[in-house]
Amino acid sequence: MTPDALAIGAVGWTALLGLAPLIGGVASWTKIRLSGRTGPGPLQPYRLLAKLLRKEGIAPEAASSIYLLGPLVATAAVALMLVGIPVGLKYPALPWSDAVAITYLLMLATFLTVLAALDTGTTFGGLGASRETMLAALAEPTLMVVLLGVVATSGTVDLGTALLKIEAGGAAALSRWVIAASLLLIGLAENARLPFDNPTSHLELTMVHEAMVLEYSGPQLALIHYQSAAKLTLFWLLVLAMFFPPAPVGGLLLLGGLMSIGALALKLIAGGLLLGLVETILIKVRIFRAPDLLSMAFVLALFGLMLGLVGR
Amino acid sequence: MRVVFIVPLILLCFSAAVGLSGMKPGMRKASAVLAGIGALSLGWPALWLLANASTLGDLMRGVVLLAICVSSTLAAFHGLTYAIHWDHRPRAAVMAASFPVFVASMMMVVQASDFVVFLVAWEIMTITSALLVGIDHEEPANREAVGWYLAIGHLSPASFVLAVALLAPASFSWPALAAAASSATPLVRDVSFGVVLIGASAKAGLVPLHSWLPRAHPAAPSHVSAVMSGSMVTLGALAFIILGTQTLGLGSAWWGWATVVLGIASALTGALYALVIGDLKRLLAYSTVENMGLLFLEIGLVILANRYGLGDLKSLAVAAACVHIISHALAKSTLFLSAGSIIHHTGTRLLNRMGGVLKQNPAVSWSFIVAAGSIIALPPLAGFTGEWLLVRALMQAAASFRGLSGLAIASVLGLVALTGGFAMAAYAKAAGIGLLGSLRKEAPAHTTPVGRAERMVALAGASLVFVAPAVAAVLPRAFPTKPGSPYTAVIANVVAIADRSLYIAAGLLVLGGLAWVATGRRAFSARVADPWVCGLSSTTSRMQYTADSFSQPLARVFAAVLRPSINIDVDLHSASKGAGGRAYERRSSLFFDRALYNPIFWMVALLSKAVKRLHNGSVATYATWLMLSTLALMAYGRWGG
């Protein structure tokens, strides 16, 4: 990696990691406004993170070292996924920008979060972990098939290169649509969004993801919030990358960079608005209806992969 | 026999002799240490084989021997505990003697220069391991396990003999077998291949011949399970490569496809059953079924690549198989050894009754978690490299085969991904329910503390899982292959992905460090407080999720396959209100037992009943039968063939 590429990369990575909490903030702001309430502004996630980082961490009696280690490693894994593939901004792809590495980094985060939830020794921890495992065991394989579908349409091995080829319009168009649909479905499931899970629920028995992290507070909860934001950003940018090219960071160094970061922020705001709208319209499905949606996503992804292989 | 094999052989035989003669614990300890050193010294011939490999068979021999070396070294040192704790038990001497013979026989299978030596070594391996499985023979379940193991285990040599007999070779050396195969008719070769595939799958534990695995492992001592699951099953794959691909050579296209289908079917079945099984060692056994399925899938791709002359696919699939064998041996041995310590400590194999182990035994618990992470292919651990290469090989295959075959490979890819998801769920259950939270039953009256040797072995296994990618990245660079070696591309594939693992490890360290700094370096500090329980005044450990409740949602999703039977007992006379006096039990009916083995047992029982009727004890009847059969034979000799 040349120094130039490294500089461009550093700007891109910082922008992505910094803007990640925006989408969730815009989404909840949209939801609040649509239901006719005032509520906090779209920058609330940043304030929440700042507040949580000042607070004290709390662990239940049964918890062991994995309860504290889990959020840290899971956050590192998700952040690694986010900067690894150039979907938000165009910068040189990192060595782990491939379908298998991305999927299994996500699985690393899920595995540790589930273990940490079971480590609390509470009923709600187990309840959330059990349900999350059911969703993840179906959604994460689908993610791998989706990403392989992207790779297949471009005829390269590397996911980063494949995503840039999509921009050039080289992909089989139908495959792209099918893959995007599947990605939307698993994106909602993986990010604990409606119709799979209600992120604002306060009723423990209906929770999935929130039940898992019920015990956390302080710095660990800040990490978990940040991790969810980064995951949501990644999935939204992946969906967008099927249709819109990521903006290059380089060009006229300062101005071009600022403009593409601005474009990224706009994309995230658009994603937040859309997500808020969707979540206002949809209602949560029963937990045992969720596998139907996920198996549909899996079949769609497989179909997309086959189309990609045929349409090359 | 080559000279490099002499040293381990002598050490292992010596260890067996010491073990057999030693009724004192000290002698048995010495025997265990000797066995460990002997197993470790297998590394030298393994590397020698790898360095001089010129054919696929030799390469696989080296890789499998390395797997045997790793898993039996770890297991032998873990076995020290048994040598100490099994005081005054003559069978401890039997165990101390059979373990090294078992390891030595596996080595003999690997390096056998002809088919007869191979077969003899294979039999010694089966018999010694059966001795070890049945060492606790007071338990009826354990005796049954030995029965299953021997019955299915003997299918392999029987099929190998049948396959070789069909070829009718001039002598039993490998080249003579290959020569006989090349002059055989296509039909004979097809039948031989089918028979070899059945025999190899019986040893490797593929469906439907996997049924011995989940029975033998709970019965066997943990260090024996570690060797059997870590490396012995891969000898099934080795036998398949030697006989199925090296000896029989290029065959019909269905050879590859049949192997691929058998492999992916085993992988899915293993992962799905691991998900719903509540016995820790049975769960690990089903995970072995899954991994052997993936291994045979990789070998199937090698066969297809050979058939269609696809060099890129072959080097990827061979790399995947090699890495898979080693990483599985490392992780599965560590899992079985640390599971053994955990089972000793909690006094139960049932996940539903475990919990809270990590706080008391951090070393073995963390080793279990790390090894579990490697088995489910989490980056940057050893297992990730194998999974990556497998997916990459499948993508290559899907791109190389146009049309329907390509689409078939794409569906296999989807199923491999699903298998990964199920495996993650299964190990999240094993580690999360088994080791974390708080103990789910009353504390046992006396627990065996986890010994130092066990802790060290578990930690050694876990750290090997961590450093294996680094070794794979460095070793080929330090010792480049000779120019013209047919495996340069294979090694390049392994190195490329090992590099990727190291990059991911570095990335995780950097970003984890950043996150740690962002939390004001307080990510690891927390005050202990009561958990949220909706305002209840106190919690008990019985309120935690159990293994059954954890896997209930997925078991319900796949109810059509698993067909769980649910049994709720309500004790009407119980004094307590609410949930007291109620018992909930969920059993998954095992499809292969129901559909395959039960009908066979039923038929055997029927037949033996019929035969029993002939055995009425009267000499006159026997004489009549004797006369009739002699007459029939005479008639056949006169007018028949």
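What follows is a set of questions and answers on a predicted model.

Colleague: How many aromatic pairs does a search of the whole structure find?

Modeller: The model is predicted, so keep that in mind throughout. The search covers all chains. The number of aromatic pairs found is 21.

Colleague: Take B:Phe115 and B:Trp174. What kind of aromatic pair do they form?

Modeller: Their centres are 6.3 Å apart. The planes stand at 80° to each other. Planes over 60 degrees apart get one particular label. The pair is edge-to-face.

Colleague: Which helices hold B:Phe115 and B:Trp174?

Modeller: The pair links distant parts of the chain, 59 residues apart. B:Phe115 is buried, and B:Trp174 is buried as well. B:Phe115 belongs to residues 115–133 of chain B and B:Trp174 to residues 174–183 of chain B. The helices are α7 for B:Phe115 and α10 for B:Trp174.

Colleague: Which residues form one aromatic cluster with B:Phe115 and B:Trp174?

Modeller: Both B:Phe115 and B:Trp174 belong to the cluster.

Colleague: Why is the pair of B:Trp148 and B:Phe601 called edge-to-face?

Modeller: The ring centres are 5.5 Å apart, within the 6.5 Å that a pair requires. Edge-to-face requires planes over 60 degrees apart. The pair is edge-to-face because its planes stand at 75°.

Colleague: How many residues apart in sequence are the parts that B:Trp148 and B:Phe601 tie together?

Modeller: B:Trp148 lies in helix α8 of chain B, residues 140–153. B:Phe601 lies in helix α25 of chain B, residues 591–614. The parts tied together are apart in sequence by 453 residues.

Colleague: Is B:Phe601 buried or partly exposed?

Modeller: Buried means under 20% relative accessible area. B:Phe601 has 42% relative accessibility, so B:Phe601 counts as partly exposed.

Colleague: Which residue has its charged end over the ring of B:Trp148?

Modeller: The charged end sits 3.8 Å from the ring centre of B:Trp148. The residue is B:Arg215.

Colleague: Now the helices. Are α16(B) and α22(B) oblique or roughly parallel to each other?

Modeller: Helix α16 covers residues 311–346 of chain B, and helix α22 covers residues 488–518 of chain B. Their axes are 8 Å apart, and the packing angle is about 60°. Roughly parallel would need an angle under 35 degrees. The helices are therefore oblique.

Colleague: Which residues of α22(B) meet α16(B)?

Modeller: The crossing is right-handed. From α16(B) come B:Ser315, B:Leu316, B:Val318, B:Ala319 and B:Val323. From α22(B) come B:Ala489, B:Val490, B:Asn493 and B:Val494.

Colleague: What is B:Ser341 in contact with, leaving aside its neighbours within four places in sequence?

Modeller: B:Ser341 lies in helix α16 of chain B. At 1% relative accessibility, B:Ser341 is buried. Its contacts are B:His78, B:Val364, B:Val450 and B:Glu454.

Colleague: How are α1(B) and α2(B) oriented, roughly antiparallel or roughly parallel?

Modeller: Helix α1 (residues 6–21) and helix α2 (residues 25–40) of chain B pack with axes 8 Å apart. The angle is about 165°. Over 145 degrees decides the label. They are therefore roughly antiparallel.

Colleague: What does B:Ala410 touch, not counting residues up to four places away in sequence?

Modeller: B:Ala410 is in helix α20 of chain B, residues 403–435. Its relative accessibility is 0%, so B:Ala410 counts as buried. The residues touched are A:Leu302, A:Leu305, A:Met306 and A:Leu309.

Technical notes. Residues are numbered from 1 along each chain as its sequence is written. Chains are lettered from A and ligands numbered from 1 in the order in which they are written. This is a predicted model: local features need pLDDT of at least 70, side-chain atom pairs count only at pLDDT 80 or more; totals for chains, interfaces and linings use all residues. Side-chain values use heavy atoms; hydrogens and water are left out. Rings of Phe, Tyr and Trp (its six-membered ring) pair if their centres lie within 6.5 Å; planes under 30 degrees apart count as stacked, over 60 as edge-to-face and the rest as tilted. Helices (H or I, at least four residues) and strands (E, at least two) are DSSP runs, numbered from the N terminus. Buried means under 20% relative accessible area, exposed over 50%, partly exposed in between (1.4 Å probe, protein chains only). A charge sits over a ring if NZ of Lys or CZ of Arg is within 6 Å of the ring centre and within 35 degrees of the ring normal. Axes are lines fitted to C-alpha atoms, for helices over the stretch in contact, and angles run from 0 to 180 degrees between N-to-C directions. Angles under 35 degrees count as roughly parallel, over 145 as roughly antiparallel, 65 to 115 as roughly perpendicular and the rest as oblique. A crossing is left-handed if the near helix is turned anticlockwise from the far one by less than a right angle, and right-handed if clockwise. Contact means heavy atoms within 4.5 Å.
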